[in-house]
Each structure stands twice: as C-alpha cells, then as structure tokens.
Amino acid sequence: MRFKIVFFLILIPFVGFGQAVKSFQQEKDRVIVQVKEGQLQLIPLTVNSVRVQFSNGSIPEIDELVFTEEVKTPKFKLIDNKNEVEIKMPELKVCVDKQTGTLSYFNANNELILKEKAGGRMLKKSTVQAEECYIAEQAFHSPEDEYLYGTGQFQDGYLNIKGLPRRLTQVNSQISIPFIMSSKGYGLLWHNYGLTDFNPAEKNVSLKPLGVEGEAITVDITTTEGTKQEKRQDGVFGGVLKIEEAGKYALFLDVGQKMARKWQVAINGEDIINFKNHWLPPTTSLLLDLDAGTHQVVVKGEKNDKPSLYFKKVTDETVLRSPVAEILDYVVFAGSADDVISSYRNLTGKAPMMPLWSLGYIHCRERYHTQAELLENAKEFRERKFPLDLIVQDWQYWGKHGWNAMKFDETHYPDPAQMVNELHEMDMRLMLSVWSRVEKQSELGKAIEEKNFYIPNTQWVDFFNPEASQFYWQNFSEKLLPYQIDGWWQDATEPENDDLVGRKINNGSIAGERLRNVYPLYVTKTVYDGLRKDAPDKRAFILTRSGFSGQQKYASAVWSGDVGNDWETLQRQITAGLNTSITGMPYWTFDAGGFFRPRDQYTHKDFHERFLRWFQFATFSPLQRVHGYQSKTELWRYGKEVEAETMKYLNLRYQLMPYIYSCAADITFNNGTLMRPLVMDFANDEMALKQKYTYMFGASFLVAPVIKKDIKEWDVYLPKNDAGWYNFWTNHHHTGGEMVKTEASLTTIPLYVKSGSIIPLGNKVQNTTELPSDTLEIRIYAGADGTFDLYEDEGTNYNYEKGNYSIIPFKWDEQKQTLTIEKRQGSFKGMLKKRVLKVVWVNETNGVGIEPDKKCTLVQYSGKKIKLLR
C-alpha cells in the first residue's frame, strides 16, 4: 500500500505571520500541512486511527511491510479554527496548533488522550553505511497518572513502562515491537523498521575497568553452531553517578557485547539489579529514586564486556527515536485497548485460526536424538495417559548433512515419513525445527552461496531478496513437506544476536540497519505464504523466536527464548508476555520450567516447586508448552508429585478447550486478545493497573500465578466489578475492588471467575481429536448478565474461511434468572448435531473446581433455541 497525492479539495496557502503552520490543504485521503520545518501529512486510516508523517520535503513513497490491508478511507472533516486546524473523524479528532505545529488527539467524547510536546518533533540528516538517512524523534506529553504498556517482550521485569528506557532490537529472549498502549485510551505504533530507542537516556556514567572477580567457570551454551562450552569470568567496572536533583531516575545499561551474561549494578554498595542467565539481551533498564549528590557505581558482568551506563531524570514525557529513518512516521489509535487492537489488526492483518491441536499440550525437549527415541517417548505419553497433541523435534536432526540442510540424518532417522505416520496413528502431531541459517558446507548451503543468497559474511539466508526467499521455500517445500509434518519451529529468526548491523542486504542494495528489526516478519511471511500455496488444506502453525508488527497475520506464535528457571525469571516472563500480547500479537508462549535447568533437576525439590508454578502459568497461557536444555523433560521423570500435579493441569487445560478455542475464534473474527493485562478490562481502576503479575485469560478468568517459594496463601487484587468474583476452586464469592488472601498451596494457582461468566467445560480427553465433546458442562456464574459464543469448526483446515463453522450463543439474564441457549448458527462437516448440555448453577456447593458436577440441569440440544429458568 503506497500513499500518493490525488487532488486538492481545500487550499489555504497562508495562515499567519510567525506561526509554525504556513498553509494546509485537504486531499481525498489526507490533510497536508506545511510547517516551517517541512511537510506534515495527516492520513485518516480508520474511524479511530490516523497516520502522521513528517518530512523535511515532500513525503517519499515507502514500501509497506506492516500496513498491508486495503481499507476504505473514513469520512473526515477539515475545520479551520482561529488557533488550530481540526481534522475530525467519527471516533478521533486531531488538532494542529497553528502557533507551534504540535498535534493533539481527542477521543469520541472530545477528551484529550495524547499531545505532542512543543519542539518535540525532530528529523535530522544522518548516514548509515555511507547512505543518507534521518534521525527521527517525537516527544509526547505523558500525564503523571498515565500507565503505558507494550514495546514487545523484554526481560527487564516491567509491565508499566512509563519513563523506562528501552532499546528496541531483536535478540534471543527479546522481541521488539514498536507499539505502546496507554491507560488514557490510545495506542501508538511507531512506524520504523530499524532500531528504535524508547525514552532514550543520554547522560553517561564514565566506567573504568577495575579488574576481574572470582574464578573462571565453564558453562554449556546454545549457539548457532550447536552446543558449545564457554569460559566465563566476572569483570568489574566502576564510576561515579552525579545527581543534581533528587527524584525518580531511569538507568539504562548496555554491556557492550552482542549478548550479556549478567546484569549487575550496585549503587553505594547496594545491588539495584543482579540478574543472570546463560544468555541475556545486551541492554536492560530500571527505574529508581535517587537523592541528590555523588553516588559510587559498580557494574559487574562478563570480563569482556565494555559496559556503558546511561541515566536520565524521569519526566512526564514519552519519547521515541529512530537513528535510521526515511521520515518521521507514526499512527495513533483511539479507544479502549480492544478497540485499538481491533483497528490495528484491520490495518495490519487479522490473525488466522491456529490449528485446534496447537492449543493443546506441546511437548519439547532439547532434543530427541533418534527416531526411535522420539517414538518411544510419544508412546509413553499415551501409555501413561498424559494428554498431548504436539511433540517437537528440535535441532540437529540433520546430523552429517550439515546445519539446517533440510534433511534428516538417515543414521538416526531412517524413515521420517514413517515416524510422522506412527505419530498420526497415535493422534499426535509433529513440529520440526527449521532455521533461517544454513551451513555453507552443506549441499543446500553451497547452492545458496553460489546464488549469492546469504546476508554477507553470515550463514543467514537473505530473506529481503525475493529470489533468496523463494529458493529457501522451494527447498523447504520439496524436502520437508512430503513428510506431512504438522507444525514448523522457525528458530533464531532475529536473526540471532542482531546480525544485520553493518551488513548490506538484498544483493547489497540496502543497508541492513534500515530493516534491522523486520527479519522475522520476512521469514514467517515466506513460510506462511508457502504453506498456504503448497499445503492449502492444512492450517499453518509457526512457532518463532522473534516477531514484529503485523506478524500475527502469518499464523505466527512467538516464545520467550532461552531463559533460566529461577523465580525471578518466571516473574519476568509474565510481564514479558503481557507486554507482547498488548502489542496485538495474540499467541505467545515460553519454556515452562525454563530452558536452562539445574543439572540435578530430576531430584531437586526446589526446582520441582518452581516447575509446577511455571506449569500452572503455562496452563493459562495462549500456548501450553514445556522445553528444557540438555533435558529429558517428560513429566513423569520428576517424581510422583510432579507427575500428579502436571496431570491435573493438563486435564484442566483440555477441559477448558471449548472456552479456549472459542477465545481463539474471537481473536480471528473479532480481533480479540486471550492473555490480557488488566488495563484492557479495568483501565479506570488504578489499583488494577498496579498489578504486574495478574491478568485476564479471556473475558472470564482472572489469573494470579504464584511467583515465590513456599507459598500457602497469595494476595490477589480483585478489580472493581459491581457483580464481584468467584474463587474457581471454592466458588466463594467476593466483591470487586479488594485485595483477598487466596489459598495457594503447591496444588493451586489462584484463579477467579468474573460474575456473569458462562464457562463451557469439556470432558477429560487425551488430545483434541476427541473433540468436540458430545457432553458439555455449562457453568453459570450468576451475578450479572452474561454471554458466551461457543465456537466450533473442523479444527485443522481453512474451511472456516468459507463459512464452515458453527456458533451456539448462550445468554444469561440476571434479572429474569434465565439462561437462553440460542439457535445454532452455521454448520460444518462432522458437526455434532445433538449433544447433552449439563447446565450447572454455580454456588459454594455446586460446580466447584475441575471435577464435573452431578447436580445440574440436563438439556438435550439439537440446535434449536431453548430457555431455562434457574
């Protein structure tokens, strides 16, 4: 989608002497404003969104990677007021201050939601790899009571990112998506494909090396060449932090290497951060209060680090800056978080339905070494009655053929087609790890090298080159699709370690830093488009380690990379996942139990406790998945207690599948969001906004994972809700707007259901091929009116795009105490035409916990409307 000048409707060439705005004109699809510094274009995109572009000259044409959907320009009016130019749309108004040229944004109720800072717009000439470019920057006012979310998946542990510096780059365990959501009722997409600094901190603490500390240790690490050992020793660096005025400050640490091993900063002898993992992103940030005066700073990291520590006083502003830009370009969306995400997906692409089986249990380990080993463990899952849908073959199955040769080593995998067939006979699916890196010494690598399809001086395929992308897919399609593999794990799609810096791409025609953050978008597009063409009857499912704006349209789920297993890491995954979800990326997951694990994990009781808490959290995540480095991660290997508790939560996941799959349909058809930070449903409840680790799972469940050791009770804040909340495990009813102590022994994740909810529960099953259930329990959590649309389809193909699906609407009328099961809408092949609905009226003795309840009202449902009086 390219934007071009069409024709003038209104032209006002002169506004006033000394003003920033010199003239403005309306065209068919935009308003062009001439200001002293250049040209400003305001482009209405939808009824509640507008794109802002600023250039020193005319606006250049830009290849659209994010805004791919053709949408009709909404009706808008241009109004010339005395002091401002007003662009009015149905649900958003933009005002241009004639004196300063700044923009202010108002919602449908004419309430100010966002305002640029005067003098905060900047476009400065620069260069990248000897090519001309610009540094683009925009500053906005941020009220003191504003909460901000987004920018993707970061490991710094913050949910509210107001005032926090972040550097948006793609590395292992960090996914950068330049999108923020505000509690004030707006979302903002910063439209730039390269590095972006969010709230950049520029004052620098001069750090000097102070030597090394401790003994060097050897650790096993994952690399793009497989498992390697690395010697590590702490380096110590010191400096002085001078604070002129007491207050809240933001600190930003850059370790000076492509990846960090430790973040440790002490001020005046006290650690303000001390976090480590085998791999960490190279930058992190934090907020803290500092007194005026001189502070001694010690930074510890790996001895080869070259750390820089930056700081700034936190003020009521939000700043976005891109050092490599064509123009200044951003989009503002007005409305609730759901309204914002819906409008955003309408412009960037809807998320397709994932296969039903992808929402069941996904079992990974690093790695199965042979075909026999994989099948042996698959069979044991079935023998032990552990529910499972998808088993994963991680890397290095290519063996002697070379890294990602798109071949199985026949020595260890003699008949991959038979392996997949045996899995299918067990009603199990296979996902295979396929990289974007291909070893140059392999047969495929030699062909790629000969055609000049690599990013220079790397082994990463240059997906920016359409011919290279097509060649990659051609080999993928010819060599791997015939095995009937079900899901695709596109690993290390950052590309790993931010590897586009300083390199030319697309046959040397483009500086890699211009497209530094969008490599994962190109990879997933290549695979998704290829699958839709060459395997049109199978829903695509792509799990990948990196992402960018708009990637949801490519059946893409992301995960949080190679993380540790400790309590703090668990905490940081919750905030990372919530801030990813609110950027419009609906499918996110993590390595439950952590990727890097203790060597004695099978007997380590403390790890077992942590693992169970990780697994409980995974049950209420968009995807439920276990993984682990150098581990046999099968659930029965950790003893009877772990085996029993994981079985319990697997059963719960599958019993909730009618609810989860209906939420997935809401994502596809209504642009919904499954994993929901509380700002999405309780933006006006400040106490709710302060909760970092509590979230909604769909519209009904409030989830509060336990994130500390030896917990028996857990404080849970129940957001303001007039009708209150039910404790899922006891059905005890609570009013909203209060903190409650919740039983939280190792067997229990604190879980509440919003009054007015209708929850369908299925039977205990071994996999999703046993769905839909001919008997469903329908729980009515009374107290407020409620609705639920039960969605079903064939689960594995794209027939739903042709209208082949069914919806059964449920409506609870609180005043009349009546449940209406409406006439079924639609149909599909294999649909259950008749089923038994067990309606359970929830109270403290009925419909408690996960076991089916015998006290219910039985309904024989055949698709016709039924009314039930409680």
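1. Two strands are taken to pair if DSSP finds at least two bridges between them, and helices (H or I, at least four residues) and strands (E, at least two) are DSSP runs numbered from the N terminus. This is a predicted model, in which local features need pLDDT of at least 70 and side-chain atom pairs count only at pLDDT 80 or more, while totals for chains, interfaces and linings use all residues. Residues are numbered from 1 along each chain as its sequence is written, and side-chain values use heavy atoms, with hydrogens and water left out.

2. An open sheet is formed by eight strands with parallel pairing, in the order β36-β35-β34-β31-β30-β29-β28-β37. Its edge strands, β36 (588-589) and β37 (624-626), each pair on one side only.

3. Within this sheet, β31 (residues 487-491) and β34 (residues 542-544) run parallel and are joined by three bridges, and Q490 stands opposite T544 in β34.

4. The axes of α8 (residues 605-619) and α9 (residues 640-655) come within 10 Å and cross at roughly 5°, where axes are lines fitted to C-alpha atoms, for helices over the stretch in contact, and angles run from 0 to 180 degrees between N-to-C directions. The two helices, α8 and α9, are therefore roughly parallel to each other, a term for angles under 35 degrees. Residues making the contact (heavy atoms within 4.5 Å) include F611 and F615 of α8 and Y649 and L650 of α9.

Conventions: Angles under 35 degrees count as roughly parallel, over 145 as roughly antiparallel, 65 to 115 as roughly perpendicular and the rest as oblique.
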